[in-house]
Amino acid sequence: ESHIQYERVGADVTMKCGSMDWDAAVTWTANGTDIDESRLNGSYLILKNVDLSQSGQYSCYEGSSWHLKYQTYLRVGTPPKEPVLMCRSNNYPKGFYCSWHLPTPTYIPNSFNISVIHGTKDMVCEKDAVPKNRCHIRYIQLFSTVKYKVTLTVTNALGKNFTTLTFDEFAIVKPDPPESVVAKPVPNNPRRLEVSWQNPSSWPDPESFPLKFFLRYRPLILDQWQHVELSDGTSHTITDAYAGKEYIIQVAAKDNDIGTWSDWSVAVHATPWTEEPKHLTTEAQITETTSASTSSFMAPPTTKICDKGAVVGSGAMAVCWTAGLVVAAYSVLFI
Amino acid sequence: GDSWGIFTFLCAALCNLPALPALNCSEELGAGQSIQQTYDLTRYLEHQLRTLAGTYLNYLGPPFNEPDFNPPRLARAERAPSATVDLDLWRGLTDNARLAANYRAYSRLLCYLRVLDGQVGTAELRHRLAHFCASLQGLVLSIGGVMSSLGYPLPAGPAGPPAPPGTPAAPNDFLKKMDDFWLLKELQTWLWRSAKDFNRLKKKVPPAVVTLRLEARGF
């Protein structure tokens, strides 16, 4: 018959070969491999200061007949440390959920028990199938003056531990981040970006429990965020974007009156609209109009700024684009 | 040359056309606007209460001023109607019932706060309480105003003496402090609830009535 044995890391373990006498001749194996006789004290197997790698199946065989006399599965682990518990209402006013985990693994199976007390009443927190280590509660009463007390106890073969959370109904309200955040450039507006988003789908009643939003944005090249708080609506136009720079934008949500801000939404990237460069087509047109004239004047290369190095005609003269246009117009008139 | 003449003629013709009808909008201040004002007032009071409660609980001393203090509710008669309500019941409240519940609660809470005002020791606390009571009075009046504008009758005011008959005075100093603790808790919860009540009312009450009066000036 098989056993399971749980031992703490660092403990000294003595395994007896079932009902065999101390002075019986036996052979021990660990996961099928023979164990050296030096580890034995008579027919007892001594494991000092066990570590995790020593977990496995230990079998004891009678010396000559090689009959299996005893078998045990050794699991080395630790008793549980204080668990980490978190409770949150992302679906106010429907209810709240609690989720938990252990700060360090125990390497052996653990069982969790959660209790919720509201005043004098015991409430049942229904365990979720997915994800594990999570349960949810439905509010029966709203606007309660009495706090909720949640106690999580974790137990394993080597010990137990627990933690408690006490909170007001309003304090744990924290929506999920806004969904479907979209940022688009605005045609013909090089400093604008249009951002829109949706209420998180987990928020059941935005009509009676409206959300307010917090938008943050910055160009990728800078570290400093800009912030806008919006008390209603699910869209906003940024009007002070740096032209041509790619932006990163995020939105967060909060119940209008109670609780805390959600985490930031998934980040979206957008670049404001920029004007298409025009000079290639215009230059061709100017060369056509001036080639027919008798004037030896030639329009300088089309640049938006005064180009001091431009050489025009026979003389070395700095000519601006606008001046060039006037001269070109005069030459056409004199045809 | 001819184009100039045509242009002058058009100008003259346009100038002599009768003026377009002038739109004269008169907006009747509907209940919608006063609901918004009442909502804003509850938010203001909630902020005020945080400071007031902090000061008052410190005055009461430990354990009342400890953040983890979570005493059981003793089976004493509740002085003011509790904000706690069944979720489905709260959803199904008529506008009248919703407003009346708020009106009654704050009227009673105001009474008890006034009694408190007369008892506290420090001048700072008296000053804060007085200021808060004044604001709370404003809230009661505001709610009353909304009810009247919607045609609802005001609930009967609280009886003269602040404590309803039958409520025993706190037998000792500690229990008296407990009563004060719960009074502040109840007030805080009501202010949280009212924000939600008035959110709901904002959506359900018909928007402010806007009348357009067209005045066409004669030819």
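A nonpolar surface patch of about 270 Å² is formed in this predicted model by A:Val9, A:Leu52 and A:Tyr107; such patches join nonpolar side chains within 5 Å, from residues with over 30% relative accessible area and no salt bridge. A:Tyr107 lies in the loop that links strand E10 (95–101) to strand E11 (111–118) of chain A. With a relative accessible area of 46%, A:Tyr107 is partly exposed (between buried, under 20%, and exposed, over 50%, with a 1.4 Å probe and protein chains only).

Chain B contains 6 helices and 3 strands (DSSP runs of at least four and at least two residues, respectively). Their order along the sequence is α-β-α-β-α-α-α-α-β. Of the 219 residues of chain B, 38% are buried.

Helix H4 (residues 95–119) of chain B packs against helix H6 (residues 173–204) of chain B at an angle of about 150 degrees, and the axes are 10 Å apart. H4(B) and H6(B) are therefore roughly antiparallel (angles over 145 degrees, on a scale from 0 to 180). H4(B) also crosses helix H5 (residues 123–149) of chain B at roughly 160 degrees, with the axes coming within 9 Å. H4(B) is thus roughly antiparallel to H5(B). The crossing of H4(B) with H6(B) is left-handed, and H4(B) passes H5(B) in a left-handed crossing (the near helix turned anticlockwise from the far one by less than a right angle).

Residues are numbered from 1 along each chain as its sequence is written, and chains are lettered from A in the order in which they are written. Local features need pLDDT of at least 70, side-chain atom pairs count only at pLDDT 80 or more, and totals for chains use all residues, while side-chain values use heavy atoms, without hydrogens and water.

Methods:
Patches are made of residues with over 30% relative accessible area and no salt bridge: like charges are joined within 9 Å, nonpolar side chains (Val, Leu, Ile, Met, Phe, Trp, Tyr) within 5 Å. Accessible areas come from the Shrake-Rupley method with a 1.4 Å probe; for residues, only the protein chains shown count as cover. A salt bridge is a side-chain nitrogen of Lys or Arg within 4 Å of a carboxyl oxygen of Asp or Glu. Angles under 35 degrees count as roughly parallel, over 145 as roughly antiparallel, 65 to 115 as roughly perpendicular and the rest as oblique.
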